[in-house]
Amino acid sequence: EGALSPEGLTELCAALRAQTQALALAHVNLKRVLPTTQAVDAVLQALEGSRSLVYLGLSEDRVGRPVAKDAEPNRAVLTKLKSLLDSCETLRQVDLSGAALGPAGVEAVCQGVRESIRVQVLDLSSNDFIATEDDEEGTTAAAEAVKEMLTRHKFLRALSLRGNGLGGSPETLEAVLESLKANARLTELDLATNKLASAGASTVAAILQVNRGLRSLNLADNAIGWKGIVALADALKANTTLRALGLQRQAFGLARDSDP
């Protein structure tokens with residue numbers, strides 16, 4: 001970890017390009033290495049055409065938005081990322097946690113994974129999924145892209161949406177989870193730290209009533225109160241496939257009449 005200098009970036013991209021052409025590159029982890037969208041763009045260009053890449057890690061890199069506050073997403077970089085996800089037939093796991101994707105980036109990534117034929121694990125934690133009020137259309141488009149990915153992709157087994165504030169937009173949460181009613185392929189879902197509270201937990205519970213794919217569900221750190229816990233407990237009576245449920249650090253110790 002540690003941001004690259006311009007000289008280091010040039011050398012890195014040259015090495016990535018050579019390894020890509022030699023079909024020798026399988027694992028790329030550049031966590032906290034790429035501090036600008038321009039650096040990400042250079043790396044994605046070096047990886048273009050890869051036919052050996054299995055793991056791509058760009059966690060906490062500046063993938064979606066430039067550093068400047070309120071800056072527009074870098075559409076060119078997102079298009080390159082989407083193309084790589086779509087075209088690399090060997091790619092199995094993608095870590096884009098904390099990559100400043102924003103709604104536009106989440107939409108692009110999910111569209112790319114939707115068309116891929118191999119990606120099985122996708123981490124979209126902490127990416128400002130819920131947009132500001134002036135970009136509600138972006139949030140709606142991102143939610144639709146997640147829904148489409150979960151509906152159409154036949155290989156995705158694990159998805160993390162941790163820390164994206166989904167509880168702040170009930171419509172978005174419902175749209176994202178809607179596809180899980182009939183999805184029996186996704187086995188692991190991480191929704192921790194999303195401010196779900198009891199209302200959001202009840203939405204999740206409604207999905208658990210009918211979903212027959214999930215084996216592991218993480219709902220930790222969501223301030224779920226008494227009503228939400230009861231809804232989840234009722235759902236588990238009908239669900240026979242879930243094996244692990246994370247409920248650490250909630251609010252269900254509160255009295256029933258003070259449920260958040």
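On a 1 Å grid over the protein atoms alone, a pocket is an open set of points with protein on both sides within 12 Å along at least five of seven lines, and its lining residues have an atom within 4 Å of a point. A volume is the space filled by probe spheres set on the points. The structure is a predicted model, in which local features need pLDDT of at least 70 and side-chain atom pairs count only at pLDDT 80 or more, while totals for linings use all residues. Residues are numbered from 1 along each chain, and side-chain values use heavy atoms, without hydrogens and water.

The second largest pocket holds about 170 Å³ of space. It is lined by 15 residues, and Ala-158, Leu-159, Ser-160, Glu-188 and Asp-190 lie closest to its centre. Strands (DSSP runs of E, at least two residues) that each supply at least two lining residues include S5 (158-160) and S6 (188-190).

Leu-159 also belongs to the largest nonpolar core, which has 71 residues; Leu-96, Leu-124 and Leu-159 have the most contacts inside this core. Such a core is a set of buried Ala, Val, Leu, Ile, Met, Phe, Trp, Tyr and Cys residues joined through side-chain atoms within 4.5 Å, where buried means under 20% relative accessible area (1.4 Å probe, protein chains only). Beyond four places in sequence, the contacts of Leu-124 (heavy atoms within 4.5 Å) include Leu-96, Cys-110 and Leu-159.

For Cys-110, the nearest cysteine sulfur is that of Cys-88, 18 Å away. Cys-110 is buried, at 0% relative accessibility.

Conventions:
Buried means under 20% relative accessible area, exposed over 50%, partly exposed in between (1.4 Å probe, protein chains only). A disulfide is a pair of cysteine sulfur atoms within 2.5 Å. On a 1 Å grid over the protein atoms alone, a cavity is a set of points where a 1.4 Å probe fits but cannot get out, and a pocket is an open set with protein on both sides within 12 Å along at least five of seven lines; lining residues have an atom within 4 Å of a point. Helices (H or I, at least four residues) and strands (E, at least two) are DSSP runs, numbered from the N terminus.
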